[in-house]
Amino acid sequence: SLDELYKQIYRYINSQNSIYIIGNGGSFANASHIAGDYLKTFAVGGMKLKISNPLDNSCFLTAASNDISFEDSYALLFDSMFDKNDLIIYLSGSGNSMNLVKCARLANKIKGFYQVALTAFTGGALCKEVNLSIHCKIDDMEIAEDMQLIIFHYIKQKLCQNQTLKLSHNLMPKYEKRTMDDLVS
């Protein structure tokens with residue numbers, strides 16, 4: 001499953017299509033962290049990777065939740081943001097968050113989206129709605145959220161080691177000074 005997720009993300013490097021990574025609570029924070037981490041890494045390498053957490057805009061999230069419903073907050077983005085052939089990645093401990101499940105179900109009706117869910121506990125309804133389900137059989141929300149970061153850091157490192165991408169931390173001298181040379185930078 002991790003190899004398949006790696007292949008899917010690899011397909012989106014230098015693509016016109018986008019990767020949207022979404023979740024709630026700690027998974028939302030992880031989605032923002034992962035999107036920012038990948039965006040910086042590929043930008044430093046001179047490559048395009050359109051990856052984001054679309055609800056990082058708290059104005060949209062609170063307005064949509066208040067005026068329509070929180071359950072529809074992600075599904076609303078199909079008309080304004082999501083395009084066919086985009087990759088949608090759901091991060092969820094339970095796999096039963098209604099706003100994520102409704103989004104996945106709508107994507108299935110529209111067709112043309114590749115969807116991945118990374119879940120824990122029983123996997124929930126979300127696992128049944130996606131093309132690729134990565135289910136960590138863990139009954140602890142905090143460890144489930146830790147697994148999300150571990151998996152995406154692993155995949156990013158694997159992408160960076162891919163010879164055709166030629167990504168290297170050598171492109172970041174301040175990073176090298178802080179981490180490898182143990183200098184304040």
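This is a predicted model: local features need pLDDT of at least 70, side-chain atom pairs count only at pLDDT 80 or more; totals for chains, interfaces and linings use all residues.
Residues are numbered from 1 along each chain as its sequence is written, and side-chain values use heavy atoms, with hydrogens and water left out.

**H1 against H6**
- Helix H1 (residues 2-11) packs on H6 at about 60°, with the axes 10 Å apart (axes are lines fitted to C-alpha atoms over the stretch in contact, and angles run from 0 to 180 degrees between N-to-C directions).
- From H1, the contact (heavy atoms within 4.5 Å) takes in Leu 2, Asp 3, Leu 5, Tyr 6, Ile 9 and Tyr 10.
- H6 answers with Ile 151, Phe 152, Tyr 154, Ile 155, Lys 158 and Leu 159.
- By type, the H1–H6 contact has 10 nonpolar residues, no polar and two charged (Ala, Val, Leu, Ile, Met, Phe, Trp, Tyr, Cys and Pro count as nonpolar, Asp, Glu, Lys and Arg as charged, and the others, Gly among them, as polar).

**H2 against H6**
- Helix H2 (residues 26-44) and H6 pack at about 10°, and their axes are 10 Å apart.
- That angle makes H2 roughly parallel to H6.
- On the H2 side, the residues in contact include Gly 26, Asn 30, His 33, Asp 37 and Phe 42.
- Their H6 partners include Glu 145, Gln 148, Phe 152, Lys 156 and Cys 160.
- The H2–H6 contact divides into eight nonpolar, seven polar and three charged residues.

**The cavity**
- Searching the whole structure turns up one cavity of 30 Å³ or more (a set of points on a 1 Å grid over the protein atoms alone where a 1.4 Å probe fits but cannot get out; lining residues have an atom within 4 Å of a point).
- The largest cavity has a volume of about 30 Å³ (the space filled by probe spheres set on the points, which are joined across faces, edges and corners).
- Its lining includes Ser 92, Leu 118, Cys 136, Met 147 and Gln 148.
- H6 gives the largest share of that lining, three residues.
- The lining splits into five nonpolar, four polar and no charged residues.

Technical notes: On a 1 Å grid over the protein atoms alone, a cavity is a set of points where a 1.4 Å probe fits but cannot get out, and a pocket is an open set with protein on both sides within 12 Å along at least five of seven lines; lining residues have an atom within 4 Å of a point. Helices (H or I, at least four residues) and strands (E, at least two) are DSSP runs, numbered from the N terminus. Angles under 35 degrees count as roughly parallel, over 145 as roughly antiparallel, 65 to 115 as roughly perpendicular and the rest as oblique.
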